[in-house]
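The points may be followed with the structure in view.

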Amino acid sequence: MSAISAADVKKLRDITGAGMMDCKKALEEAAGNMDAAIDYLRKKGAKVAELRAGRDANEGCIIILTNDNHTTGVMVQMGCETDFVSKNDSFIEFTTSVANVALKNACKTAEDLLKADLDGVSVQDRIAEKVGVIGENISIQSYNIIEGDLVTFYNHNNRAGAIVSMSKASESLTSLGKDLAMQITAMKPVAVDETSVTEEQKEREKAIAREKAVEEGKPENILEKIAEGALNKFYKEFTLLKQEYIKDNKKTIEQVIKETDKDVKVLGFYRAELGSK
């Protein structure tokens, strides 16, 4: 077998991102054939991925992108096992490339994204390759896409962020949208307003309040009133429009929006945070 040149090892490393010794081993196994060496590393990555699949991937990074006219946005949360890997430029660049694929293809679900093409193979196969290179479990922890007349976002050090859709676009609304995304990131609302809170969530909050009231010995005839009061408190704390504005707690988000543009509506939002379920 002919000797493996340093130039070929470097070329394979540039293509795959694998370590120099792994690349040399792959080329030796493939008798110097570059395509076969790439397949060798891909299979090695898949095996490592299978072995690491059950391990927690609570570290990672969150990448949020919008298209040029800010009408579509995607948010990709890529998980890994250690803080060291999460801050690695190569890992962040890889997650960004996956987010670009999601945006380009307007992938509707994480499953669609895993099947999408990234430089000639599926995103799922690229993730397996990355697992082989890094030696940690890597996976898409959450994925969201959102559309609207205006889509804005806030990303806090790639560790927590939010993306927001609004029904109108303007310079002032762009600024407001970023503030709303920051609000969502910090205050963790679960819905835009009370109409978008699920019936299941409403009943759960009321049931908790009733149970607590019974334990405190409250009379039966006021349990429903207590439950409704608890639900209204929930709306104030956990629906975006009723929350106090983090930049001015004398105003609600609903008031701030009306002051900026009384006709605009928040169509929806998504939030992600490392380590959260």
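How many bridges join strand β7 to β10, and do these strands run parallel or antiparallel?

1. The model is predicted. In it, strand β7, residues 160–166, is joined to β10 by 7 bridges, and the two run antiparallel. Within this pairing, Gly161 stands opposite Ala272 of β10.

2. These strands belong to an open sheet of 3 strands, in the order β6-β7-β10, with antiparallel pairing. In general, the strands of a sheet pair through backbone hydrogen bonds, either parallel or antiparallel.

3. The edges of the sheet deserve attention. Because β6 (150–156) and β10 (266–273) each have a single partner strand, one side of each is left without a neighbour in the sheet. On average, neighbouring strands of this sheet are turned by 10° against each other, direction ignored.

4. A helix also packs on this sheet: α8, residues 171–187, touches β6, β7 and β10. The direction of α8 makes about 135° with that of β7.

5. The largest nonpolar core has 26 residues, of which Val74, Met78, Val98, Leu113, Val123, Ile127 and Tyr143 touch the most other members. At least two residues of this core come from each of β1 (59–66), β2 (72–80), α5 (89–105), α7 (123–134) and β5 (139–147). Helix α5 gives the most, with 7 residues.

6. Apart from neighbours within four places in sequence, Val123 is in contact with Val98, Val101, Leu113, Leu114, Ala116 and Leu118.

Notes:
Residues are numbered from 1 along each chain as its sequence is written. This is a predicted model: local features need pLDDT of at least 70, side-chain atom pairs count only at pLDDT 80 or more; totals for chains, interfaces and linings use all residues. Side-chain values use heavy atoms; hydrogens and water are left out. A nonpolar core is a set of buried Ala, Val, Leu, Ile, Met, Phe, Trp, Tyr and Cys residues joined through side-chain atoms within 4.5 Å. Buried means under 20% relative accessible area, exposed over 50%, partly exposed in between (1.4 Å probe, protein chains only). Helices (H or I, at least four residues) and strands (E, at least two) are DSSP runs, numbered from the N terminus. Contact means heavy atoms within 4.5 Å. Two strands pair if DSSP finds at least two bridges between them. Axes are lines fitted to C-alpha atoms, for helices over the stretch in contact, and angles run from 0 to 180 degrees between N-to-C directions.
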